[in-house]
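Have a look at the picture, and then we will go through the parts one by one.

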Amino acid sequence: MNQIIIIGIGNIFRGDDAVGLVAAQRLRDLKLPGVQVLELDGDITTLAETWGGAVKVIAIDAAASRGVTGAIHRFSAHEEPLPRKLFATCCSCHAFGLAQQIEIARALQQLPPSLIVYGIEGKDFTLGSGLSPEVAGALPEVIRRVLEELAPE
Amino acid sequence: MKAKTIKVNYLARVEGEGALYLRLQDGAVADVKLKIFEPPRFFEAFLKGRQYYEAPDFTSRICGICPVAYQMSAVHAMENALGVKVDGPLRALRRLIYCGEWIESHGLHVFMLHAPDFLGYQDSIRMAQDYPEMVKLGLRLKKTGNDIVSFLGGREIHPINVRVGGFYQVPTKVELAKLAENLKWARDAARKTIKWVAGFPFPEFEPDYEFVSLRQENEYPFNEGRLVSSKGLDLPVSDYDQYFLEEQVPYSHALHSRLQARGPYLVGPLARYSLNFDRLPATVQEAAQEAGLGPVCRNPFKSIIVRAVEILYALEEALTIIDAYEMPEQPAVPVAPREGVGYAATEAPRGLLYHRYRLDPDGFIKDAKIVPPTSQNQKMIEQDLFQFVAPRVELPEEELTWQCEQLVRNYDPCISCATHFLKLEIER
């Protein structure tokens, strides 16, 4: 079992929703020792199983809070729930979104000791491939910050 | 004159984006609209000019919850057009992958989307705090379905192993047998689930539905059978277009279906169960009866029990198929293009899914028609709301709105959508 797992979440065919997957692919290309990189592009009800006994999990997903495109949000999900209103508006998710799945895992006491969530603000989630320039532009910073998370303290 | 409007701008715990609009006037329901504003995706249009063998993989993309249903309707319609019959173990494997999808889809709906309604929770997160064991059981049960689909289909969502004529690869008997162990656990879990949901409180509500589903000899239906209804319809699937109409309504992106002769009708677990109770194995019939169901169930709120019963059936059937399986010599029967029209309907978790394709002599698709279950049920959902709300107009608005939402969720509507980005609003 890998101690550290990075999970990219998204839909490659839905514009900026792909950003989590793209970030995961780039992190995988770095061949980081002891780090497992996963891409989830569909059913995430099995999320808690994917992190199994990992000590640290970093999840990367697109965010849609109508904020500045390309903005990077970071949450320590093992310490506190993702912002409350996140659920109130999360109705279009196909079945279940990341935030809901994390809260279910919290209720079931299945969270890993450390769960960091990066949300990258997108603007275009319509059908089609390719990231908005602002979202693509945020990727190097996301990668840099994720790598920083992995560095020994 | 006293007018009141009830609006639910985003329906929660349904798949996709939809809204509900109700107008009450002088103590009566004046108007009901279920609005579906998922953008149309023009699948039927872009199938034109593609090859017959592309239809299963293309149409599976319509839905991330029931891709197997789309693949099954597509392959059976193509085989109908091309004069091909798939039988024996290949036929059984198709039923098996469909079992996986029912378990997965019903599992999600029963535990995550529907149960909170009956137990008074806004969502399954709060329910999980009070019922952690049932939610864990539900997630694992659902995963059992995912495992069947990914084992036979190559991956959980939008499987890639299904083709016109059969599969690209088939498992050996030994490989398939490995699935069985977990299915036995799941069978017990399904029995527990039936007992659990049977104890929920259900409102008195039994509309006089016209049920429509497939029906065939000896088996509960997945991929084959005649189209039957509780009001006497009994047709080959190829007659579908003569009896069922699709209409556009200005407020919804999904077409409304109705029976030409009589109007709205119901497809899905309630219809399937009520028209095929005698086709369930005795063990499953008993479990249903112990849960208080008769051979016909007209209360849409009790669809949660019927879904649990269908999960049990799917598990029994999966175990039977695995037990009897012998690996076929070829993973698919040969198929050659020819001119023709092919029809098929299969039983998606949410009900009848109809496909029709016209092919040219080289196997290119000339036109395609796809009628998903949720569009067939839309008109019935609206009619249910009319009937349900009429004696309840005096309820406080919040309570009435909540009950109306519940009524819609009885249908497990799949307002197909494939994005699950993190929707968040930040308070400042």
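Helix α13 (residues 373–389) of chain B lies across β11, β12 and β13 of chain B, at about 125° to β12(B). Axes here are lines fitted to C-alpha atoms, for helices over the stretch in contact (C-beta atoms, placed from the backbone, within 7 Å), and angles run from 0 to 180 degrees between N-to-C directions. Helices (H or I, at least four residues) and strands (E, at least two) are DSSP runs, numbered from the N terminus.

This is a predicted model, where local features need pLDDT of at least 70, side-chain atom pairs count only at pLDDT 80 or more, and totals for chains, interfaces and linings use all residues. Residues are numbered from 1 along each chain as its sequence is written, while chains are lettered from A and ligands numbered from 1 in the order in which they are written.

Under the helix topic comes its sheet: three strands of chain B form an open, antiparallel sheet in the order β11-β12-β13. Its edge strands, β11 (340–348) and β13 (365–371), each pair on one side only. Two strands pair if DSSP finds at least two bridges between them.

Now to chain A. All 6 of the 6 residues of β1(A) (residues 4–9) are buried (20 or more other C-beta atoms within 10 Å of their own), so this strand is largely enclosed by the rest of the structure.

| Strand pair | Sense | Bridges |
|---|---|---|
| β1(A) and β3(A) | parallel | 5 bridges |
| β1(A) and β2(A) | parallel | 6 bridges |
| β12(B) and β13(B) | antiparallel | 6 bridges |

Definitions and conventions: A residue is buried if 20 or more other C-beta atoms lie within 10 Å of its own, exposed if 12 or fewer, and partly exposed in between; C-beta atoms are placed from the backbone. Two residues are in contact if their C-beta atoms, placed from the backbone, lie within 7 Å.
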